[in-house]
Amino acid sequence: MRKFLKLFTIILLLTVTGKVSSAQTDMDAIMMSKKQLCIGPMYSYSSWTNYWEDTLKRDNANLGKVSTQMYSLMAAYGVSDKLNILVGAPYVSTKASAGTLHGMKGVQDLSVFVKYMPIETEIGPGTFSVYGIGGVSIPLTNYVADFLPLSIGLRSKTASLRLMLDYQVGNFFATASGTYVFRDNITIDRTSYYTDHLIISNEVEMPDASNLNVRTGYRSDKLIFEAVLNHWNTIGGFGITRNNMPFPSNNMDATTLGASFKYTVTKQHNLFIVGGANATISGRNVGQATSFYGGLFYVIDFSKKGKATSSTKTAAPKK
Amino acid sequence: MKKIFLFSALIIAAGVIVISSCNKDVVGRTDETPALKPVKTDANAGTWKPVLLAAPTDVAVAAPGATNTPDYIAQVNEIKSFQANLTDHEKAIVKYWSAGAVLRWNEILRELVAKHNLPPYQNADGTYPFPSANNPLAYPQFPFANPPYAARAYAYVSAATYDALVSAYYYKTLYNRKAPYNVDSSLNVLIPKNDLPSYPSEDAVVAGVSVEMLKLLFPGDQDYIQQKAEEHKRARIIAGANVRSDIEAGEALGKAVAQKFVARARGDRAGAAAGNQAAWTQLETDCMARGETPWYSLELPKRPPMLPLFGKVKTFLFDSLTAISLRPGPPPLVKSQQMKDETDEVYQQILHPTREKTRIVHFWADGVGTYTPPGHWDAIAAEDFIGKNFSEVRWARNMALLNMSLMDAGIVCWDTKYFYFNPRPTQLNPAIKTITGIPNFPAYISGHSTFSGAAAAVLSYIIPERATAYEAMAQEASMSRLYGGIHFKSDCTVGLTTGKNVGSYAVARARGDHADD
């Protein structure tokens, strides 16, 4: 469930409007059990007043505070204990508190991930597991990418490959992962644009990106609480020139630090809430966003034995 | 359920493969333009009517050496030695420049405009700095290539290029020195051949004009401009199109003609167009004295109005009295019912913008960081001209007609804007949030509409079979400003008509310049 948030989050990040990034997503070491479906809504809010014009940090009285709200629907399904499929799609709206620019809103991108845990083994005092996660995202609507910082997304089709390592001792864990994100070119409504030179085309070459994510904290069936460090790096792209507007193929980088939790409400382990917050500690060609999110998820068990009792499976030691 | 997994896995695998393997290089629409092969050489263009020159002989060009001299033969051998070891880069520059000198320098000019179309950031005290032509690389860099500045730049470069080519074609006919490939048939030639005499080189004329004009207009970009000019001249020698003396004579002619335009530009009052605090205040008090509501800047902090005295700049196609006579009557009174209705109309437009209307707004916005509306019309014209296979001199003539009309449209438009000093819709109703940035000058009349009306009129004369399309484009460009929430409908409709009126002067000029005789 919450796992997909990450991707939307990443896409949002790109919009200069913010990078929610913190909590559970395709970046966490949590798996659904076989034949369990987890589904629910998520809300996130991100805002910034300062942004980095290339490397120069500034504010803009003609934008004031730029805020982004996302309402997502997400689902995760356990094909097996080691194989999960995650799906999600958000509705996004943006707004600037000052100046005259009109905010934008609309359905953004569909994301699908396949998460596979090929290795789960005891090493030393804890359990070590390895995950491979592949994902794609495609825009669901013909929304406007070239109206940053108020665009709801960048409209690039993406494909990502992530390798994740997790180690848990007792109720304490650490997870580290890295992703490479391939990004397809986009087309914009203009017939020409200037990057560091004039391009007489409506097609924009989108640089690929990478992501590093490290998280650590407490994990049990009832509660997960973690600190999250996330770094998004666009591989290439150009910088916003002085007092210019941002552009989808800018070199957008961001490092965020945050915390998140997952709390299981019911004894049956079929209802839980998630939430988190993070702040941008450094960036380039993005807003210095502060974000928070929350969601409510319900687990339906389709296994023949009937009632859901196992809830989300954690990578906790089996002993 | 395994099926779902397999299906998803396949989709993701396919997605990764497709997205990661596609070639991401963006090919511009004119990158692969074939070598220019004019349907007509226009060898008689020396008889066409120039813009500023009194006669094509205003600048003298010395007679060339004969083609049987050792000096000439050495120059042909220079071509051969270049061609003996062609690098990929050399082949690429030959291909690039062979698409057309006027085309490529127009694109370079558009690029410089886009690079410099950035409003300066404010000072700490909330005032704004102004760029200085004497210190172009200091922030804010010179120039701020906003639409009026850009319109003037396109016009000067185009008109000077045209005049210099008229002169060049005069000397081509006069001296009639054959192209090197028509002298030495053993010469390998990398571009389409024709019978036009090659002295002086039309390509070098265009490069020479551009270098000289751009010293004035983009003084901080000399390294880039010079590098392009060197590359252009070399490409013509490598291609076998010209010997070095063709190039040198053409470049000298181009520079000399350009200097006459530079002298005109220095005295055309554009240098004073920014005005000063006293002038800005005067606009406001004059407007209030008429009982009207004056425009104010919607930027924070408030920015001085963009080039309020640009309306006084010397026009190309008519005199200053005619310019004033082209100024339309007043907009609806701010307190009138009509203005209230028009404000409501704008508000309705921005409440629920459709995707198609937003596309139209952004397609025509040509705002910050772009080559501006005049540049957009140059792009439209250039892509159509490519298909017409005009000679270089006809390319230049048509670009000059277009860009003189765009500049004069800008002058009449700016005169009107500051004569009435009328507010933007958002000033009258702050709930009007806009789909593109609000330009920092008064509303009436719309610049986009005026530019587009003029451009459509001129282009419809040049390519009559496209007249309906140009008219539709101008109409869409005009209405895009209403859809975007930044103009009243009156601004758009009156602007379009005013632009057409300006364009008719360019058409009248075209009918009398002998190019279509």
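Predicted model: local features only at pLDDT ≥ 70, side-chain atom pairs only at ≥ 80, totals over all residues.
**Chain A as a whole**

Show chain A by secondary structure. One helix and 21 strands make up its count of elements. Colour the chain by burial next: of its 319 residues, 55% are buried. The contacts can be viewed by sequence separation too. Among those between residues at least 6 apart in sequence, 66% join residues at least 24 apart.

**Where chain B meets chain A**

Bring chain B into view and select the residues at the interface. On the chain B side there are 50 residues in contact, and on the chain A side 44. Three helices of chain B each supply at least two residues to the side that touches chain A: H1 (2–21), H4 and H13 (355–365). H1(B) gives the largest share of that side, with eleven residues. By residue type, the side of chain B that touches chain A holds 27 nonpolar, eleven polar and twelve charged residues.

**The two domains of chain B**

Colour chain B by its domain assignment. Domain 1 takes in residues 45–49 and 76–266, and domain 2 takes in residues 278–512. Their centres, taken over C-alpha atoms, are separated by 29 Å. Select the residues where they meet: 34 from domain 1 of chain B contact 35 from domain 2 of chain B. On the domain 1 side, the elements giving two or more residues are H4, H5 and H7 (202–217) of chain B. H5(B) provides the largest share of that side, 14 residues. The domain 1 side divides into 22 nonpolar residues, eight polar and four charged.

**The largest nonpolar core**

Next, display the largest nonpolar core, a set of 202 residues. Which of them touch the most other members? They are B:Ala153, B:Ala159, B:Ala160, B:Leu165, B:Leu406, B:Ala455 and B:Val458. Helix H5 of chain B, residues 147–175, contributes the largest share of this core, 18 residues. Both domain 1 and domain 2 of chain B give residues to the core, so it lies between them.

Leaving aside residues up to four places away in sequence, B:Leu165 touches B:Ala45, B:Glu202, B:Val205, B:Glu392, B:Val393 and B:Ala396.

**Helices H4 and H15 of chain B**

For the last stop, select H4 (residues 101–116) and H15 (residues 392–420) of chain B. How do their axes cross? The axes come within 8 Å and cross at roughly 40°. H4(B) and H15(B) are therefore oblique to each other. Show side chains at the contact: B:Ala101, B:Val102, B:Leu103 and B:Asn106 in H4(B) meet B:Glu392, B:Trp395, B:Ala396 and B:Met399 in H15(B). Of the residues in this contact, six are nonpolar, one is polar and one is charged. Two residues of H15(B) here, B:Glu392 and B:Ala396, were also among those that B:Leu165 touches.

Terms used: Residues numbered from 1 in each chain as written. Chains lettered and ligands numbered in written order. Axes fitted to C-alpha atoms, helices over the stretch in contact; angles between N-to-C directions. Helix = DSSP H or I, 4+ residues; strand = E, 2+ residues; numbered from the N terminus. Parallel < 35°, antiparallel > 145°, perpendicular 65-115°, else oblique. Contact = placed C-beta atoms within 7 Å. Nonpolar A, V, L, I, M, F, W, Y, C, P; charged D, E, K, R; others polar. Buried ≥ 20, exposed ≤ 12 C-beta atoms within 10 Å, placed from the backbone. Core = buried A, V, L, I, M, F, W, Y, C linked by C-beta atoms within 7 Å. Domains from an automatic or database assignment.
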